[in-house]
Amino acid sequence: MKLENLTIESANRGLIKKEFSCIELTRAYLDKIKKENKELNDFLSITEKLALEQAENVDNKISKREKIGILEGIPIAIKDNILVKDYIVTAGSKILEKYKAPYDAFVVERLKEVGVIIVGKTNLDEFAMGSSTENSAFGVVKNPYDKTRVAGGSSGGSAVAVAANHCLGALGSDTGGSIRQPAAFCGVVGFKPSYGMVSRNGLIAMASSLDQIGPIAKTVNDVKLIFDVIRGKDDLDSTTIKAPKFQVQNSKQVQGAKSQFPNSKIGIPKEYFAEGLDSGVKEEIQKVIKNFENIGFEFVEINLPNPEYALAAYYIIMPAEVSANLARYDGIKYGYSTIKISKLKTQNLMDNYLKTRAEGFGSEARRRIILGTYVLSMGYKDAYYNKAQKVRALIKKDFEKVFSPSANGVDFIIAPTTPAPAFKMGEKTDPLSMYLSDIYTVTANLAGLPAISIPCCKGKGLPVGFQIIGSQFKDDLVLEAAYTYEQINLE
Amino acid sequence: MISKEQVEHMAKLARIELTDQEKEKFTKELSSILDYIDKLNKVDTSNIERVEQITGLEGVVRKDEVPKFKDAETRNKILEEAPERKGDYIKVPKILD
């Protein structure tokens, strides 16, 4: 059993054929995590007891000759801003360092129902704010391809857990690129569903109109298998919708692939390939484009508003929502607190708020809360927050135009995921330079669209990823396009 | 551009204490971020309404009934997280003088 060679599908086959037991498979992954976590720091906690219990259940089923599902017995890691009952969930922050989840997130309930093995909680930038995991209160996650470089963020731990064969799939969350960017940096597949496709119940909120949970795995098919389990309407998240599954024939033949797509047209946004994009990355994506051209797709140059405007709008809307969502961390009901009732004579409520939050939050969290407070404050709200929401409406409209079926629009868009491959730790000390790495990913969050990052050019230096972005709720079409690319490159 | 006084005021509103050094640092950093954000002034938004909800949902409600709440065990777990607890109550510092 070579972990490097396993995918969800092949591991599932191995279990069914009894090539190994679920306990053996689980222990192999747990051992690897324990051996390498000290250096890579991708896991904040290893849920060993839970994993072994779950593995035993699966082995019992197999020994009783009961049929097992495709994800049954498969080791999965969960980003540490998603609640797993009775285990500590930190959101990468000191303010929740000792907080135990009283319930399972909706997505975790779903995964438990289909019998996955939860191996641990992965490291992240504090409250999912960051693009490198350098903002984690518990240390940075190292990129397995080059340990002097970052894993990306905020779902850096999840991306590394998959890339380093510590699990067969992981859940991450994406607000401005936090699944796709680390997936690109670590050479794995990362998918952000359309807003509303996956319940945020049990996800520690960052920016409620932008957050989405999504899967990270080695192959597109593995990502799809996880997505199909976690997607769907949840009464406890009123922003979830009941989206129809877009039926694809899922033909495994590359030649027939383009017939899955209504117009066989792919959009290339010229603004995303302009100045600021690393020439090596640009070259690799041109090759990707050629791949699709060779099987008959037509390419159309499209106009998407200057991505810098999207980034500016994002860095108003997101901090505004963050300032509201992080107001709950006040040391009263849970989490780190400076309150000591025994010291009531010297403490008052205001002091406790001020100190609890100053000591519990790291600098990036505090920076964004203050920025968000400012852009929502009296006298500034109109100039900043309302303006940004109008720009957001323009961005949504521009995408709608591009995808419009009546105007013979494109089926999906190909774009870079990041301006350059993984940067060195400590390289981006200025917050603004860090924010700029989100430039190609934020638009999909602002417009609520499905977007996936897929690795290209494997085996040559640092991993590079490219994005496929689709129209709202056409998640299955995006996955099909990504799958097609993978198949082309298998031949 | 944001002034140090504005940063101080915002930090107070957000209930976060900052050291003097932090106030200086944040003033510089936030000013540079706000400078970048100012490019939005170049965008013509005279003919567009702001986004209220990205999937077009409006007024999603649930039935007006007490939901099947968590069991006593879960309630206890939730209360256990409070820094200072007395039975079913959470103890807080005094609010009124």
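User: How far apart do the centres of the positive and negative side chains of chain B lie?

Analyst: In this predicted model, chain B carries 19 positive and 22 negative side chains. Lys and Arg count as positive and Asp and Glu as negative, while His and the chain ends are not counted. Each charge is placed at NZ of Lys, CZ of Arg, CG of Asp or CD of Glu. The centres of the two sets in chain B are separated by 4 Å.

User: How far apart are the two centres in chain A?

Analyst: Chain A has 63 positive and 57 negative side chains. The distance between the centres of these two sets is 3 Å.

User: What conventions apply to numbering and to the values?

Analyst: Residues are numbered from 1 along each chain as its sequence is written, and chains are lettered from A and ligands numbered from 1 in the order in which they are written. The model is predicted, so local features need pLDDT of at least 70, side-chain atom pairs count only at pLDDT 80 or more, and totals for chains, interfaces and linings use all residues, while side-chain values use heavy atoms, with hydrogens and water left out.

User: What average pLDDT does chain B have?

Analyst: pLDDT is the predictor's confidence in each residue, from 0 to 100. Where it is low, the predicted coordinates should not be read in detail. In chain B, 96% of the residues score at least 70. The complex has an ipTM of 0.94 and a pTM of 0.96 from the predictor, and the chain B average pLDDT is 90.

User: Why is chain B described as more spread out than a compact globule?

Analyst: The radius of gyration is taken over C-alpha atoms, and the globule rule is 2.2 Å times the number of residues to the power 0.38. The C-alpha trace of chain B spans about 55 × 45 × 25 Å along its principal axes. For 97 residues the rule gives 13 Å, and chain B is well over that, so it is more spread out than a compact globule, with a radius of gyration of 23 Å.

User: What is the radius of gyration of chain A?

Analyst: Chain A has 15 helices and 13 strands. The globule rule gives 23 Å for its 491 residues, and chain A is close to that value, so it is as compact as a globular protein of that length, with a radius of gyration of 22 Å.

User: Which strands do the buried residues of α3(B) pack against?

Analyst: Buried means under 20% relative accessible area, exposed over 50%, and partly exposed in between (1.4 Å probe, protein chains only). In helix α3 (residues 72–80) of chain B the buried residues are Thr74(B), Lys77(B) and Leu79(B). Their packing partners in chain B are β1 (85–86) and β2 (89–90).

User: Which residues of chain A does Ile48(B) touch?

Analyst: Ile48(B) sits in the loop between α2 (20–37) and α3 of chain B. Its relative accessible area is 12%, so Ile48(B) is buried. Contact means heavy atoms within 4.5 Å. Not counting residues up to four places away in sequence, Ile48(B) touches Lys390(A), Ala393(A), Leu394(A) and Lys397(A).

User: Is Glu321(A) buried or exposed, and what is it in contact with?

Analyst: Glu321(A) belongs to helix α9 (residues 307–325) of chain A. It counts as buried because its relative accessibility is 13%. Leaving aside neighbours within four places in sequence, Glu321(A) is in contact with Met206(A), Ala207(A), Ser208(A), Ser209(A), Leu210(A) and Tyr385(A).

User: What is the phi of Ala128(A)?

Analyst: Ala128(A) is in the loop between β3 (117–122) and β4 (142–143) of chain A. With a relative accessible area of 6%, Ala128(A) is buried. Although Ala128(A) is not a glycine, its phi is positive, at about 65°.

Methods
Helices (H or I, at least four residues) and strands (E, at least two) are DSSP runs, numbered from the N terminus.
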